[in-house]
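Please look over the model shown below with the following points in mind.

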Amino acid sequence: MSGVPRTGVSDNTAVWQVLTAVRAFSDAMDRMYSGMKGEMDMNATDLAALRMLIIREQRDESVSPHDIARHLRISTASTTKLLDRLADAGHLVRKPHPHDGRARIVALTQKSRDSFRAHFRDSMGAMRGVAEEFTDEELAVVTEFLMRMSAAVDPEP
């Protein structure tokens, strides 16, 4: 979706308005996740790791400790501590890799899935209600926009 390049003051206003809306949505998401940190008694990095695991699980992708370290941009030693902490709290398990007997993968526990579901049920329902007000074509444009914005901010998801 490249379309015609934008020029002029009115087009610049539209760009700033959408960037302001993206920032406001990002802030709202941060506040939503912040509430969960307190309820689940974990820090921002712990929560970011669990969010990554949920996203990868939804994509049916396995996650290695190395994947978590790279995603969070932390050392392997810090990753080990993080995984130990989350495993001790019952949020994840380490399992043998299904295709490489020497490797390990990390997976969410049902407890963790249930905690996320309980915490985000109302917010997700409200967001789904908003999304259902748009046509499939409009949602396709929004999806492409958000995916490209995500890649522009963080090219390595």
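1. D46 is found in helix α2, where helices (H or I, at least four residues) and strands (E, at least two) are DSSP runs numbered from the N terminus. With a relative accessibility of 3%, D46 counts as buried, on a scale where buried means under 20% relative accessible area, exposed means over 50% and partly exposed lies in between (1.4 Å probe, protein chains only).

2. On the basis of the model: it is predicted, so that local features need pLDDT of at least 70 and side-chain atom pairs count only at pLDDT 80 or more, whereas totals for chains, interfaces and linings use all residues. Residues are numbered from 1 along each chain as its sequence is written, and side-chain values use heavy atoms, with hydrogens and water left out.

3. As to the overall fold, the protein has six helices and two strands, and from the N terminus on its elements run α-α-α-α-β-β-α-α. Buried residues make up 22% of the 157 residues in the protein. Among contacts between residues at least 6 apart in sequence, 47% join residues at least 24 apart.

4. Axes here are lines fitted to C-alpha atoms, for helices over the stretch in contact, and angles run from 0 to 180 degrees between N-to-C directions. From α2, the residues T45, D46, A49 and L50 meet L82, R85 and L86 of α4. By class, the residues of this contact divide into four nonpolar, one polar and two charged, with Ala, Val, Leu, Ile, Met, Phe, Trp, Tyr, Cys and Pro counted as nonpolar, Asp, Glu, Lys and Arg as charged, and the others, Gly among them, as polar.

5. T45 also lies in helix α2, but T45 is partly exposed, with a relative accessible area of 32%. Beyond residues up to four places away in sequence, T45 touches L72, I74 and L82. The C-alpha atoms of T45 and T79 are separated by 9.8 Å, although these residues are 34 apart along the chain.

6. How do α2 and α5 pack? They do so at an angle of about 95°, with their axes 11 Å apart, and that makes α2 roughly perpendicular to α5. The contact is made by L47, L50, R51, I54 and E57 of α2 together with S112, R113 and F116 of α5; these residues divide into four nonpolar, one polar and three charged.

7. Is S112 buried or exposed? At 0% relative accessibility, S112 counts as buried. S112 is found in helix α5 (residues 110-131) and touches L50 and H91, not counting residues up to four places away in sequence.

8. G90 lies in the loop between α4 and β1 (92-96) and is partly exposed, with a relative accessible area of 22%. Leaving aside neighbours within four places in sequence, G90 is in contact with T109 and K111, and the C-alpha atoms of G90 and T109, 19 residues apart along the chain, are separated by 6.9 Å.

9. In helix α3 (residues 65-72), the buried residues are D67, I68, A69 and L72, and what covers them includes α2, α4 and β2. Just after α3, R73 takes a positive phi of about 60°.

10. Finally, L53, E57, D60, E61, S62, V63, K95, I105, V106, A107, L108 and R113 line the second largest pocket, in which about 170 Å³ of space lies. A pocket is defined on a 1 Å grid over the protein atoms alone, as an open set of points where a 1.4 Å probe fits, with protein on both sides within 12 Å along at least five of seven lines, and lining residues have an atom within 4 Å of a point. Grid points are joined across faces, edges and corners, and the volume is the space filled by probe spheres set on the points. The largest share of the lining, four residues, comes from β2, and by class the lining has six nonpolar, one polar and five charged residues.

Technical notes:
Contact = heavy atoms within 4.5 Å. Parallel < 35°, antiparallel > 145°, perpendicular 65-115°, else oblique.
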